[in-house]
Amino acid sequence: MAPRLDFSNWWAKDTRKGTPVVVKMENPNYSVVEINGPDAAFRPVEKSRGKNAKQVTWILLLKAHRAVGCVAWIATLFWALLGTIKRRLIFRQDVTMASEKLGKGKLLFTVIKVLLATSLAILTFEVVAYFKGWHYFQNPSLHIPRNSDIQGLLHLVYVTWLSFRADCIAPPIQALSKFCVALFLIQSADRMILCLGCFWIKYKKIKPRIGEDPFRSDDVERSGYEYPLVLVQIPMCNEREVYEQSISAVCQLDWPKDRLLIQVLDDSDDESIQCLIKEEVATWNQRGINIIYRHRLVRTGYKAGNLKSAMSCEYVQAYEFVAIFDADFQPNPDFLKQTVPHFEDNPKLGLVQARWTFVNKDENLLTRLQNINLCFHFEVEQQVNGVFLNFFGFNGTAGVWRIKALEESGGWLERTTVEDMDIAIRAHLNGWKFIFLNDVKVLCEVPESYEAYRKQQHRWHSGPMHLFRLCLPAIITSKIAIWKKANLILLFFLLRKLIVPFYSFTLFCIILPLTMFVPEAELPVWVICYVPVFMSFLNILPAPKSFPFIVPYLLFENTMSVTKFNAMVSGLFQLGSSYEWVVTKKAGRSSESDLLAAAERESKTTNLLQIQRGASESELTELNRLKEQKEAAPIPVKRVNKIYRKELTLAFLLLAASVRSLLSAQGVHFYFLLFQGVAFLLVGLDLIGEQMS
């Protein structure tokens with residue numbers, strides 16, 4: 001028997017290269033041969049060598065096809081962008097210039113133009129210096145050459161500029177950048193705490209619950225009179241596109257008809273729209289719905305004045321709760337049954353707020369980015385504040401108020417354009433508690449055009465600062481706990497309403513491009529890249545389907561900081577546009593719940609004939625007139641794009657800064673400035689709200 005040879009220990013110790021080969025012979029003798037030479041016949045065969053020339057050719061062709069397709073796609077986008085720039089900036093086809101408001105908005109535009117002109121002059125000067133070989137700006141430590149090294153007058157001017165830049169310009173920019181970075185980190189910490197609170201709520205499954213369902217079908221002891229009296233208000237103003245679906249949804253609420261009253265509060269100044277709404281109200285009134293139409297002759301105070309006028313009616317005193325829905329909101333039939341029971345056995349509960357969902361969130365890039373922001377607002381901010389603080393800002397719609405809480409808090413006031421936040425602050429100071437129901441959702445719309453979204457954001461950011469000036473004395477002198485006062489002043493107002501738009505605009509739109517021309521004040525990479533991307537990742541968590549849009553979201557948020565900063569300043573200093581209310585334009589998008597309404601609209605002709613049979617001659621004439629006005633609705637006008645000067649000017653400023661960063665070989669800064677400049681360019685040309693194919 002042949003001896004057993006164990007070479008495992010020898011193989012582990014020997015590190016020489018080679019391939020051991022065991023050869024079995026016919027006879028019982030065995031031989032072990034070790035090949036140390038680089039003979040190709042004994043080398044291990046790699047997997048890639050198994051591919052023949054034809055396979056390799058196909059792989060190369062496939063990769064080349066993908067690369068060409070990617071390059072062609074980028075070239076197509078670039079060519080389309082150039083064509084749009086040529087059409088809108090040079091030939092001005094189907095565009096109009098967005099009017100600049102007097103005051104701070106015009107002053108801000110002037111400052112940005114001065115920065116752009118200065119940056120272009122400095123960029124031209126440093127490009128000349130770069131090709132001359134004066135690369136002093138690339139050195140980490142500034143080296144000023146001696147007089148003997150000066151090569152001419154231009155070189156002398158350049159050296160003087162370097163010295164002036166290092167001694168006079170860099171220190172204030174560094175101080176301002178450090179201040180903004182500190183604010184940025186504070187706001188990031190606040191977002192982190194809110195996200196941790198949301199994770200804790202999800203982990204512990206914390207949510208407001210009802211002790212027992214008071215409306216279950218097997219409870220025969222409960223009868224209709226035990227349902228509380230509920231008033232539903234639908235404030236609207238020239239809402240031609242959405243009035244019908246909102247009234248239809250509210251009229252289908254599952255609540256006893258004798259315990260429900262619907263007020264349609266129409267502030268429209270267009271008589272044709274008034275007639276259309278009257279017809280819709282009359283139709284539902286004929287079906288037995290307790291609904292009334294109200295129109296003010298004196299339209300003061302915007303939405304707050306409309307609600308205040310409606311609450312002054314004598315019959316409102318008999319009602320215990322009031323639900324408010326804006327004209328584009330479509331509540332589910334069980335909305336009241338999911339919200340009103342929370343008031344039972346909780347006498348200090350003043351508000352129950354539901355969550356918004358959006359029927360047009362996938363319409364274009366702008367609506368997708370808005371959905372990210374609003375999902376974070378409801379899922380994180382509102383829910384966490386509702387669970388841990390019993391306080392949050394009322395969203396103005398899709399909520400149910402206890403009328404007693406409204407009356408004790410002073411009712412609706414016309415002193416600001418954020419009447420919802422105003423009444424929430426005053427109710428909180430009076431000791432009322434709020435709850436947020438994240439699982440009760442109400443369909444609505446988000447603006448589909450940048451113009452409408454810009455005006456909405458201006459009101460949402462100027463109003464809180466105006467309100468802060470009005471509410472600060474009341475907050476300080478109130479009897480609530482000190483930590484609640486600190487939460488209102490430091491977090492609710494200063495951090496989330498003032499600091500956020502200030503640092504985002506100053507840091508990413510002013511300081512960052514300036515640091516490219518003043519390298520001594522350069523921002524670290526983690527400030528412009530790592531932390532913003534991480535915070536954007538946290539913001540997108542409530543909307544996980546939006547993860548592919550994380551980069552556009554980050555860039556768009558920095559772009560919107562111009563509008564938010566301008567609005568914040570106008571509200572803080574009470575400029576002309578701080579008390580400006582522009583109704584957000586709606587598109588009237590249909591939802592799944594509209595299918596029933598569509599079926600009902602098909603039977604309107606039959607119902608109209610039945611109404612006419614029992615109507616008098618004057619009523620018949622009125623109905624025919626309403627029908628004719630509805631059929632004579634105006635033809636929709638073709639959309640005209642606008643050019644936004646501040647955004648375009650900032651786009652050129654950032655693009656100039658990106659060229660400067662390219663000269664100094666700053667890769668991360670270059671890409672960020674380039675992409676941010678393109679984002680400003682798209683917004684300035686009104687391309688962000690274009691419809692998606």
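Residues are numbered from 1 along each chain as its sequence is written, and side-chain values use heavy atoms, with hydrogens and water left out. As the model is predicted, local features need pLDDT of at least 70 and side-chain atom pairs count only at pLDDT 80 or more, while totals for chains, interfaces and linings use all residues.

The mean pLDDT (the predictor's confidence in each residue, from 0 to 100) of the protein is 82. A value of 70 or more is reached by 78% of its residues. Confidence is highest in strand E9 (residues 399-402), at a mean of 98. Confidence is lowest in helix H1 (residues 8-13), at 44. Helices (H or I, at least four residues) and strands (E, at least two) are DSSP runs, numbered from the N terminus. The pLDDT is below 50 over residues 1-15; beyond near neighbours in sequence, this stretch has seven contacts (heavy atoms within 4.5 Å) in the model. Residues 595-599 also have pLDDT below 50, with two such contacts.

Helix H6 covers residues 271-286. Its expected span (1.5 Å times one less than its number of residues) is 22 Å for 16 residues. The end C-alpha atoms are 22 Å apart, which agrees. Buried residues (under 20% relative accessible area, 1.4 Å probe, protein chains only; exposed is over 50%, partly exposed in between) in H6 include Ile273, Leu276, Glu280 and Trp284. Gly288 follows H6 and has a positive phi, near 95 degrees.

Ser119 lies in helix H3 (residues 104-132). Ser119 is buried, at 3% relative accessible area. Leaving aside neighbours within four places in sequence, Ser119 is in contact with Phe517, Leu653 and Ala656.
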